[in-house]
Amino acid sequence: MAWLYAEYIADEVLRTGDLVPSSTLEFRAGRQTLALTAYLSDLKNELSGIRVVSQFDEWLSLTAYGHPWQEWVRERFASLGEDERERGAANPDLRLARAAWQWLEQTELLATDLDTGLQWQRSGLSVDESEQAWIPAWQLGVPLGHLAIHLF
């Protein structure tokens with residue numbers, strides 16, 4: 001149930017931000033990255049309570065530019081996997097979260113090449129938004145989710 005609630009929260013945050021149409025793969029990438037951020041950062045099982053809004057600062061920090069979000073996700077999965085093995089029972093929420101992570105890693109989206117744009121900005125030139133690259137879905141979803149949290 002925790003994973004489904006994390007997805008619900010992510011969906012609401014992204015819809016409120018109205019950054020991309022909800023029928024797009026970009027929206028799904030944003031929803032899945034936000035849901036993973038919410039689910040994996042919920043150490044005290046507070047997602048189902050009113051305290052969700054109080055976690056926005058932590059989610060902003062986790063999705064900030066330069067934060068090693070991908071490594072953080074892998075570390076949290078390793079930790080939760082250990083907990084699951086110690087208990088000796090499968091966690092269906094964790095299984096759903098892993099499926100979302102697999103989709104985010106394996107799906108590539110054509111997006112503006114932000115790395116090239118940042119290099120151009122440093123050299124004093126404007127960003128050329130026509131420069132595009134194929135990137136893993138999570139790399140688009142993280143900044144999309146970050147911006148959506150700001151707009152919520």
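Biologist: Is the crossing of α2 and α4 left-handed or right-handed?

Modeller: Left-handed, bearing in mind that this is a predicted model.

Biologist: And what angle do α2 and α4 pack at?

Modeller: About 45 degrees, and their axes are 10 Å apart.

Biologist: Which residues make the contact?

Modeller: From α2 you've got Thr33, Leu36, Thr37, Tyr39, Leu40 and Ser41. On the α4 side they're Trp69, Trp72, Val73, Arg76, Phe77 and Leu80.

Biologist: Let's look at Thr33. Buried or exposed?

Modeller: Buried, because its relative accessibility is 2% and the cut-off is under 20%.

Biologist: What is Thr33 in contact with, leaving aside neighbours within four places in sequence?

Modeller: Trp69, Leu104, Trp138, Gly141 and Val142.

Biologist: OK, and Leu104, on the same terms: what is that one in contact with?

Modeller: Ala29, Gln32, Thr33, Leu36, Trp69, Pro136, Ala137 and Trp138.

Biologist: Switching topic: how many residues are in the largest nonpolar core?

Modeller: 40 residues, and Leu104 is among those with the most contacts inside it, along with Leu36, Tyr39, Leu40, Trp69, Phe77 and Trp101.

Biologist: Which elements each supply at least two residues of that core?

Modeller: α1, α2, α3, α4, α5, β1 and α7. The largest share, eight residues, comes from α2.

Note on methods
Residues numbered from 1 in each chain as written. Predicted model: local features only at pLDDT ≥ 70, side-chain atom pairs only at ≥ 80, totals over all residues. Heavy atoms only, no water. Buried < 20%, exposed > 50% of the residue type's maximum accessible area, 1.4 Å probe, protein only. Contact = heavy atoms within 4.5 Å. Core = buried A, V, L, I, M, F, W, Y, C linked by side-chain atoms within 4.5 Å. Helix = DSSP H or I, 4+ residues; strand = E, 2+ residues; numbered from the N terminus. Axes fitted to C-alpha atoms, helices over the stretch in contact; angles between N-to-C directions. Left-handed = near helix turned anticlockwise from the far one by under 90°.
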